[in-house]
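Let's take a friendly walk through this structure together. Please have the sequence and the 3D view open as you read.

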Amino acid sequence: MLDAQTTAQPHVIRREDYRAPDWMVPEIALDFDLDAAVTTVHAVLKVERNGSDAGPLRLDGDGLTPESVRVDGREAEYHMDGDTLVVPLDGAMHHVETVVRIAPERNTQLMGLYASGGNLCTQCEAEGFRRITFFPDRPDVLTRYRVRMEADKTRYPVLLSNGDPVASGDLDHGRHWAEWNDPFPKPCYLFALVAGDLAVNRGTFTTRSGREVQLGIWVREKDLAKTEHALEALKTSMAWDERVYGREYDLDVFNIVAVDDFNFGAMENKGLNIFNSRYILADPDTATDQDYDAIAGVVAHEYFHNWSGNRITCRDWFQLSLKEGFTVFRDQSFSADQGSAAVKRIEDVRALRAAQFPEDAGPLAHPIRPDSFIEISNFYTATIYNKGAEVIRMMATMLGPQKFRAATDLYFSRFDGTAATCEDFVRCMEEAGEIDLSQFRLWYSQAGTPRVTASLSHEQGSDRALLTLRQSVPATPGQPDKQPMVLPLKLKLFSETDGSAFGPEQLVLLSDLESEIAFEGVSERPVLSINRGFSAPVVIETDRSAADLAFLSAHDDDPFARYEAMQQLMLDTMIAGVLHGRTDHAPVIEAVANTLGDERLDAAFIAEAVLLPSENFVGDQMATVDPDAIHRVREALRRDLGRSLEGLWRQAYEASRADRFELTPAAKGARRLRTVSLGYINAGGAPDAAGLAFLQFEQADNMSDRQGALGVLANGSSDKRVAALDIFYNRYSDNGLVLDKWFSTQALSGRDDTLDQVEQLARHKDFTLANPNRARSLVGAFSVNQRAFHDASGRGYRFLADQLLALDKLNPQTAAKLLPPLGRWRRFDADRAEKMRAELERILATPGLSKDMFEQAERSLK
Ligand code: 0A1
Ligand code: ZN
């Protein structure tokens with residue numbers, strides 16, 4: 001913690017300052033005497049001098065006081081430099097022993113060793129290990145861990161750590177112990193320990209070389225029945241990584257523990273993943289289809305880290321995207337293989353546009369390999385993760401599947417057991433891909449979303465079309481001038497007359513500011529399909545007419561491009577409405593009708609394609625966001641679509657009715673389309689809509705249908721709204737994960753009184769900032785509700801700032817991650833901008849502000 005008023009600006013860490021460690025720690029023996037109130041940590045580090053530097057040993061700590069420091073068995077001289085323990089050492093190799101005491105139950109930051117629901121668990125990435133014991137807390141120090149835990153046997157019957165269990169036994173006074181050994185050297189951010197009263201769902205997986213791995217998903221006894229989906233996803237992931245990347249699991253044990261209090265989604269600790277329970281627990285009554293998919297995706301993500309992250313880790317935290325971008329790309333490909341690849345791509349692009357594009361266009365923009373930071377946990381961003389994944393995807397596209405696989409094989413074999421850099425990865429792509437990526441590397445160093453303008457010309461009577469492409473990369477903080485980048489654009493031309501294509505799809509690498517491409521054999525004015533499959537994470541501007549877009553939305557043979565054409569048509573229509581007060585809805589209505597009536601399309605795709613772009617996304621396209629006008633125009637289009645196509649919506653609604661619950665991709669698609677259709681029937685103002693929604697709500701045999709109907713009711717003003725919310729609350733009052741849905745559904749409502757409701761909900765007896773999921777379910781959801789958050793009174797801004805300041809005292813990491821919506825002030829009118837700035841100033845002027853919040857608020861004001 002620091003006082004922003006009296007303390008100088010916190011320390012900035014720069015990538016260019018990287019230096020290899022002075023001391024390595026090949027081995028550590030950790031001994032825990034575990035208790036929620038006081039835990040004693042006894043550590044013996046074998047340290048070896050690295051190179052010729054004669055400096056003392058410096059061990060990071062955070063809030064630790066050494067009780068004893070011994071070197072080679074004798075009391076040692078030492079001093080503290082702030083939080084760092086400094087031990088002068090003469091030789092090249094020593095054994096350094098420290099003892100500290102920590103208080104897990106007072107750890108509200110949820111970093112280091114903390115208590116959750118009566119159990120004890122750890123979170124060490126990025127810099128939490130230094131809150132457990134003194135250690136060189138940096139990812140390029142790789143260590144073999146032996147861990148002994150001792151605890152009360154009744155309260156903590158289960159004792160888990162990384163690697164394999166070695167031995168265990170009973171002690172006097174109702175205590176017991178267990179010892180674990182991890183043979184793989186690892187950075188300390190991958191250390192984990194769990195002690196608690198947990199039940200296990202066990203499984204096995206036999207790897208392709210015949211190793212039998214014991215799998216375990218550990219949860220509270222009452223949640224055991226909700227772990228099957230996660231266990232199946234784990235087995236599927238293990239087989240997938242063998243088949244697709246040739247990666248096999250390397251230990252005899254793989255455990256996953258679910259906890260309710262967790263700052264992020266999950267953590268890939270070696271052999272002992274720790275998960276936010278929302279990404280493990282599922283049954284049809286409490287989890288939506290989206291939840292099921294997210295569980296499989298996160299289980300896969302953490303499992304894949306065993307190779308992309310653990311066997312090969314990061315040299316320093318500036319390389320974070322080396323493991324995260326690549327692992328997100330791997331989990332996205334895995335999920336695409338489990339169902340509809342097209343729908344998965346649409347969902348991923350939607351998420352990128354919702355989170356990463358705004359980040360890249362605002363004050364917090366940073367390259368996927370940043371140059372500096374104050375607090376690394378602020379850099380677990382959509383840019384590092386999702387744009388990072390897009391950068392890997394572009395290389396995979398340019399190399400093609402065989403060479404990409406050869407390149408990842410090379411990477412895994414060359415860097416196994418080391419701490420690597422993004423540059424190491426790119427060089428493997430270059431070598432195995434036989435391609436020069438010099439200019440492509442700009443994706444690692446330049447922030448901002450490139451923009452491409454594309455215009456296609458065709459002279460009547462000629463046989464030739466000319467495509468002109470121009471690119472620009474916007475200025476971002478600290479990067480006023482940009483160089484042109486390499487943009488892999490997949491494109492194809494279509495004939496409007498019969499829907500056929502002029503030639504096959506082409507991959508164009510746009511690397512100049514401007515470039516012209518000629519197409520021969522084009523006998524009529526063609527329609528341009530560009531950035532197919534979203535081959536480059538860029539914004540495309542074209543001069544395509546509403547008719548062209550409607551044509552593509554019906555005829556393009558790339559499903560993503562089809563979806564994209566429809567989105568563009570909807571977007572153009574809404575923007576015209578906001579700018580000119582009126583707009584022609586007819587082309588959108590016709591295109592939606594075509595899609596709804598196209599029997600070759602599956603329900604999941606239709607459900608995605610007919611959804612209007614969000615209010616936020618419309619706002620992101622405008623020079624100055626007018627939240628009220630956007631809401632009005634979008635609602636008017638929704639109403640018109642609902643009313644004009646009421647028959648089709650009812651047909652789709654009935655056709656997607658199911659007799660019994662199934663979890664197949666087809667059944668999930670049908671449920672999605674059903675709720676989307678219900679939303680449109682309701683938006684159209686059908687007198688029976690609320691009744692229909694309430695019926696779906698009451699008769700649902702699964703959470704997707706129930707929450708879908710609740711969302712429709714929560715948006716409206718029927719007398720069924722309060723009834724449904726109450727029924728939902730009472731039915732799930734003892735289920736935290738479902739209560740989160742109850743809070744977020746209300747925070748996301750489009751009703752006029754949402755801000756009042758949110759203020760009230762913050763005083764609800766079930767609301768607490770101490771649980772990150774709950775904080776996000778209300779505060780996080782509200783701040784992306786564009787109209788409610790940007791209420792002209794400024795009360796939404798004040799509410800967010802108040803909550804953030806309260807949360808900062810408990811959990812700075814989670815608080816700081818909720819700040820960015822306030823940083824978008826430049827995008828709003830002067831009045832709103834001033835009010836947003838004022839809240840940022842107020843945050844910055846608060847005594848005792850964390851460095852996490854300081855960094856986010858300070859950058860947001862620039
Ligand atoms: N490496 C994890 C993300 C993660 C990062 C920091 C955490 O600290 C609270 C927790 C998790 C992943 O990519 O899943
Ligand atoms: Zn990850």
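Predicted model: local features only at pLDDT ≥ 70, side-chain atom pairs only at ≥ 80, totals over all residues.

Now let's turn to a set of strands. Which strands does strand 25 pair with? On the one hand, strand 25 (residues 451-458) runs antiparallel to strand 26 (residues 464-472), and eight bridges join the two. Strands 25 and 26 make a hairpin, with five residues between them. In the turn of this hairpin you will find G461, whose phi is positive, at about 90°. On the other hand, strand 25 pairs with strand 31 (residues 539-542) in the parallel sense, over four bridges. T453 is a handy residue for seeing both pairings: its bridge partner in strand 26 is R470, and in strand 31 T453 stands opposite E541.

Finally, let's visit some backbone details in the loops. Most residues other than glycine have a negative phi, and most peptide bonds are trans. With that in mind, look at D72, which is not a glycine and yet has a positive phi of about 50°. D72 sits in the loop between strand 5 (68-71) and strand 6 (74-75). Is D72 buried or exposed? D72 is exposed, because 12 other C-beta atoms lie within 10 Å, and a residue with 12 or fewer counts as exposed.

F534 is another residue other than glycine with a positive phi, here near 55°. The loop that holds F534 runs between strand 30 (526-530) and strand 31, the strand that pairs with strand 25. F534 counts as buried, because it has 22 C-beta neighbours inside 10 Å and the cut-off for being buried is 20 or more.

One last stop is a peptide bond: the one from E125 to A126 is cis, with omega near -5°. To find this spot, look for A126 in the loop between strand 11 (119-123) and strand 12 (143-152).

How values were computed:
Residues numbered from 1 in each chain as written. Chains lettered and ligands numbered in written order. Pairing = 2+ DSSP bridges.
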